[in-house]
Each structure stands twice: as structure tokens, then as C-alpha cells.
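Visitor: I have a structure open and would like to go through it piece by piece. Can you take my questions as they come?

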Amino acid sequence: MNTAVVVEAPGRHRLVAHEPRDPGPGEALVRVHSVGVCGSDREVYQGNRPEGYVRYPLVPGHEWSGTVERVGAGVPESLTGRKVVGEGFRNCQVCDRCHAGETTLCTAGYAETGFTEPGAMAPTLTLPARLLHPLPDGADLTAAALLEPAACIAAAALKANARPGERVAVVGTGTLGMFAVQFLAAGSPAELLVVGSRPDREALSRQFGATGFRTKDQELPGDFDVVIETAGSADAARTSAALLRRGGRLVLTGIPAPGATGLDPTDLVVRQLEVHTVFGAPPEAWAHTVRVFGAGLLDPLPMVTHELQLAEFSRALELVGSGDPKVGKVLLHP
């Protein structure tokens, strides 16, 4: 029997029978191949998601890949049978931020697949076809399930605007950090340093293009042109800023716990640092990610350590929250 995961309320979930929803006008029905499990899915289950950013009961799953099975009226039939990934933010398309391409800042309010709208922890997912990004015919759908977090880092890489020959660094060695290394390496930097708390990530960092690796307790150099922070702590943000030369560019992607002490404004002004932040991935970042993936410059598979069946949802959450350095990206297969 086809089943879906439903989180009924914090701490409560069950498997339910799944019936595909026929696509309406402008929609597509996707057969889900793989769905990633991340820290935000644990937040949904534990009830730690901020108010307004989750709606129970909920089918979670915002990182996914699949194949289009059917399309609704107004959607080109040529999309049927295509391998795809899809944007999560359900933007209004008419506010000034949407018209500017900043769809993650839509002023109509927050709505996102897997948080306020049904997600991909089910055999099928029906969503607006405008959110889909077709993949090359030969794309590996297991690898493609990681393109959602990759797109968030693509947004950071685009804002960083690293130029060939610049000195660049990444702070954080999780999934986002490893994607940041790959995006920056594709731009031919003179130096690419990775700073993290796990020495065991050095080999993977270098595999993806890093030229240097240091743990945060080691002496760190300065004078970097660009730093992308992915660790999600106030300490990581401060470490990132300290790595920069005067006039350098910093992009923050992590979300520290509420009440965290931030960067020193005096330091920012005196050193004239350029600071950007990223919340989600707009269409430009998604398109960039799919192009880089299709060109073979982005390799998500080495980060996948566990592939489980959808019925093992509880086990997947345990793995993601275990803190075990042997646990990388966990995928579920409906």
C-alpha cells in the first residue's frame, strides 16, 4: 500500500494511505524518487519551528527529486516524463518582491512545501508546475534530492560574487559547507580555505576543491576576499568576519539560536565589510544550481550516508539528530 508520513502535531506522526491528487490548472503531479531529511524536519517534529512557519497536520519533505507523471491544464505536455526538482516557496508572483525575483521575501506571507503545504514524504507530490526545474535526462535522482540545500548555497555564492583568483573561505563543514566549497571551487579561486570543528571533514573538503583546512581552534589567517558562513552559530559568524580583509565580502547563511550576540558593528564599519544574508533560494539560485549540477560541477552523492524507506521516518530523525560524525545526509525513498 502506498503510504505517506503525516506529522499530526509535535512529537506525533503516523503512516497513512496515500492517494495522488490530480493536478489542477497550472499544476503537475510528480512521482517522488528521494526526499532528504534535515534539521528543519526535526524542528517540525519536535515543535521547535517558529510560529507561522509550520502548519499541522503536515506531510513533511522539502528536499526532493522525482519524475513528472501528469500535468494539468495550461502546462506543456512535454514536461511529462521529465526528471525534476522543485522550489519550495509558494510565492504570490504579484508583490514587488516577487517581481524583483526575491520570491523568498514574498510580502503575501510565508508558504512552503513541507512546512505549510504538503511535502514530499509521500509517493507523489502535486504542486504548481512553475516551481519545477527540469533536469538532464541522465541525471541521478538520488543525487538530485540534495539540490534544495545546494540552491540555498547557490544564492550565497551568487551574492558573494567571487571572482577568479580571489582568496575565498568557507566556515562550516556540514552539507551546506560542502556545497559552498564546490560552488566556490568552480570559480577558480587562488585559495579556498575550509574552517570547521570536525577534522574528519578535511578529506571530503579537499575532494571538493579546498586547498586548505583548519579547525576553528587553530590559528586562522586573514585577508580573504570572500567568506561564506554555513555553520549557523554566532561564533561562526564572528570567525567568518575575522577571516576577511578590509573591504571583504561576507555571506551568512546559518540561523543562530534566538538571542545570539552578533557581529561587532564598529568592526564592520571600520573595516568596511560587505555583509549579505540568505534566507532560502530564489529562482535565480535554483536555475544556477541545476546548470552547475548538469555540467558535472556539483557532486552531492559523497554526502549521502544513509538511504532508508519512508516507513523508517523515526529512524531517519534519530540519525539526523545523533551528532554521529559518520552520519551525513539521510535520504528516504517512498
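Visitor: What do the buried residues of α7 pack against?

Guide: They pack against β8, β9, β11 and β12. Contact means heavy atoms within 4.5 Å. Buried means under 20% relative accessible area, exposed over 50%, and partly exposed in between, with a 1.4 Å probe and protein chains only. Helices (H or I, at least four residues) and strands (E, at least two) are DSSP runs, numbered from the N terminus.

Visitor: Before going on, what kind of model is this?

Guide: This is a predicted model, in which local features need pLDDT of at least 70 and side-chain atom pairs count only at pLDDT 80 or more, while totals for chains, interfaces and linings use all residues. Residues are numbered from 1 along each chain as its sequence is written, and side-chain values use heavy atoms, with hydrogens and water left out.

Visitor: Back to α7. Which of its residues are buried?

Guide: A234, A236, A237, T239, S240 and A241. The helix spans residues 234-242 and lies across β8, β9, β11 and β12, running at about 145° to β12. Axes here are lines fitted to C-alpha atoms, for helices over the stretch in contact, and angles run from 0 to 180 degrees between N-to-C directions.

Visitor: In what order do the strands of that open sheet come?

Guide: β10-β9-β8-β11-β12-β13, which makes 6 strands with parallel pairing. Two strands pair if DSSP finds at least two bridges between them. The edge strands, β10 and β13, each pair on one side only. Neighbouring strands are turned by 20° against each other on average, direction ignored.

Visitor: How many bridges join β8 to β11?

Guide: There are 4, and the two strands run parallel. V170 stands opposite I228 in β11.

Visitor: What does L135 touch?

Guide: Not counting residues up to four places away in sequence, L135 touches R82, K83, V84, V85, L141, A144, L147, V290 and F293. Apart from the core of 46 residues lies another one of 40 residues, among them V35, L58, F115 and L125.

Visitor: And α10, which of its residues are buried?

Guide: F313, A316, L317 and L319, in a helix that covers residues 313-320. Seen down the axis of α10, they fall within an arc of 160°, so they line one face of the helix. That arc is taken from the directions from the helix axis to the C-beta atoms. What covers these residues includes β1, β2, β3, α1, β14 and β15.

Visitor: How many disulfides does the structure hold?

Guide: It holds 0. A disulfide is a pair of cysteine sulfur atoms within 2.5 Å.

Visitor: What about N91, buried or exposed?

Guide: N91 counts as buried, at 9% relative accessibility. N91 is found in the loop between β5 and α2. Leaving aside neighbours within four places in sequence, N91 is in contact with C98, T103, C106, R130 and L131.

Visitor: Now backbone geometry. Which peptide bond is cis?

Guide: The one from Y56 to P57, with omega near -10°. P57 sits in the loop between α1 and β4.

Visitor: What is the phi of N161 and of D223?

Guide: N161 has a positive phi of about 50° although it is not a glycine. N161 is in the loop between α4 and β8 and counts as partly exposed at 41%. D223, also not a glycine, has a positive phi of about 65°. D223 lies in the loop between β10 and β11 and is exposed, with a relative accessible area of 53%.

Key. A nonpolar core is a set of buried Ala, Val, Leu, Ile, Met, Phe, Trp, Tyr and Cys residues joined through side-chain atoms within 4.5 Å.
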